[in-house]
Amino acid sequence: MAAPWQTHLPNALTMLRVVLTGALIALVALRPAPFPVESSEPDAGLLLACALFVIAAITDALDGFLARRWRVVSRFGRIMDPFADKVLVLGAFIMLAGPAFTTADGTLVSGVEPWMAVVILARELLVTSIRAILEGDGIDFSAGWAGKAKMILQAIVVPLILVLLAWGAPERGSARAWVINVSVWATVAATVLSGVPYVTRAIGARRSLGDTA
């Protein structure tokens with residue numbers, strides 16, 4: 001039988017992720033505009049934002065693992081864990097597409113265009129809606145390998161962008177700009193493609209229910 005602290009620790013890590021996400025969003029939102037030009041000294045605020053995201057991502061890996069290992073999976077955790085994940089990732093991408101990362105001449109240095117944030121949000125809403133409907137019908141719709149790979153890629157790309165931008169706006173065509181743009185496009189593509197298995201699984205599940213009805 002799990003100790004009381006083992007029962008509560010996974011949920012505490014989940015809530016810590018929500019708090020860290022709020023701090024990350026506030027830190028970026030309060031940044032003065034426009035985004036500064038290239039500098040020889042790193043931006044401490046962006047490095048702190050990177051650290052907050054990394055710590056939050058680590059709690060994402062830990063809370064579910066510990067809950068399953070100690071057999072203390074709770075209804076609260078099943079609801080809050082995916083919620084905290086989505087707030088972290090979506091919050092980060094929305095902020096990267098905002099004015100805090102726009103230079104004086106209107107260049108968005110993060111590589112994350114607003115439409116990209118919308119696409120990522122749409123994918124998450126679609127999968128969440130499908131999961132809610134099917135699990136309401138008693139069908140297990142836990143995350144597959146594609147969703148997990150997508151989350152890992154997102155968890156790598158966001159801090160990578162923040163670190164690369166800590167030295168100011170990269171010059172167009174520079175190595176920093178190239179890495180940022182390729183990483184962002186790869187993440188958007190992986191996010192969209194990762195939704196395909198969920199849709200096909202949902203179609204198959206609904207057909208199965210129809211056949212047995």
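Reader: What share of the protein is buried, and what makes a residue count as buried?

Author: Of the 213 residues in the protein, 42% are buried. The label means under 20% relative accessible area, against over 50% for exposed and partly exposed in between, with a 1.4 Å probe and protein chains only. Keep in mind that this is a predicted model: local features need pLDDT of at least 70, side-chain atom pairs count only at pLDDT 80 or more, and totals for chains, interfaces and linings use all residues. Residues are numbered from 1 along each chain as its sequence is written, and side-chain values use heavy atoms, with hydrogens and water left out.

Reader: How many helices and strands are there, and what makes a stretch count as one?

Author: The protein has six helices and zero strands. Helices (H or I, at least four residues) and strands (E, at least two) are DSSP runs, numbered from the N terminus.

Reader: Why are α2 and α5 called roughly antiparallel?

Author: The axes of α2 (residues 44-69) and α5 (residues 145-165) cross at roughly 165 degrees and come within 8 Å. Axes are lines fitted to C-alpha atoms, for helices over the stretch in contact, and angles run from 0 to 180 degrees between N-to-C directions. Under 35 degrees counts as roughly parallel, over 145 as roughly antiparallel, 65 to 115 as roughly perpendicular and the rest as oblique. With roughly 165 degrees, α2 and α5 are therefore roughly antiparallel.

Reader: Which residues make that contact, and of what class are they?

Author: On the α2 side, L46, A49, C50, F53, V54, A57 and D60 take part, and on the α5 side M151, Q154, A155, V158, P159, L162, V163 and L165. Contact here means heavy atoms within 4.5 Å. By class, there are 13 nonpolar, one polar and one charged residues. Ala, Val, Leu, Ile, Met, Phe, Trp, Tyr, Cys and Pro count as nonpolar, Asp, Glu, Lys and Arg as charged, and the others, Gly among them, as polar.

Reader: What about α1 and α2: what angle do they pack at, and why does that have a name?

Author: α1 and α2 pack at about 160 degrees, with their axes 8 Å apart, and they are therefore roughly antiparallel to each other. Their contact has 18 nonpolar, three polar and three charged residues.

Reader: What makes R17 and D60 a salt bridge?

Author: The rule asks for a side-chain nitrogen of Lys or Arg within 4 Å of a carboxyl oxygen of Asp or Glu. For R17 and D60 the closest N and O atoms are 3.9 Å apart, and the pair forms a salt bridge. R17 lies in helix α1 (residues 4-29) and D60 in helix α2, so the pair ties together parts 43 residues apart in sequence.

Reader: Are R17 and D60 buried or exposed?

Author: R17 is buried, with a relative accessible area of 0%, and D60 is buried at 17%.

Reader: How far apart are R17 and D63, N to O, in their salt bridge?

Author: The side chains of R17 and D63 meet at 3.0 Å. R17 is in α1 and D63 in α2, so this pair ties together parts 46 residues apart in sequence. At 2% relative accessibility, D63 counts as buried.

Reader: Which residues are linked with R17 in a network of salt bridges?

Author: R17 is linked with D60, D63, D81 and D85. By the rule, the count comes to nine salt bridges. One of them joins R31 and D43 at 2.9 Å, N to O.
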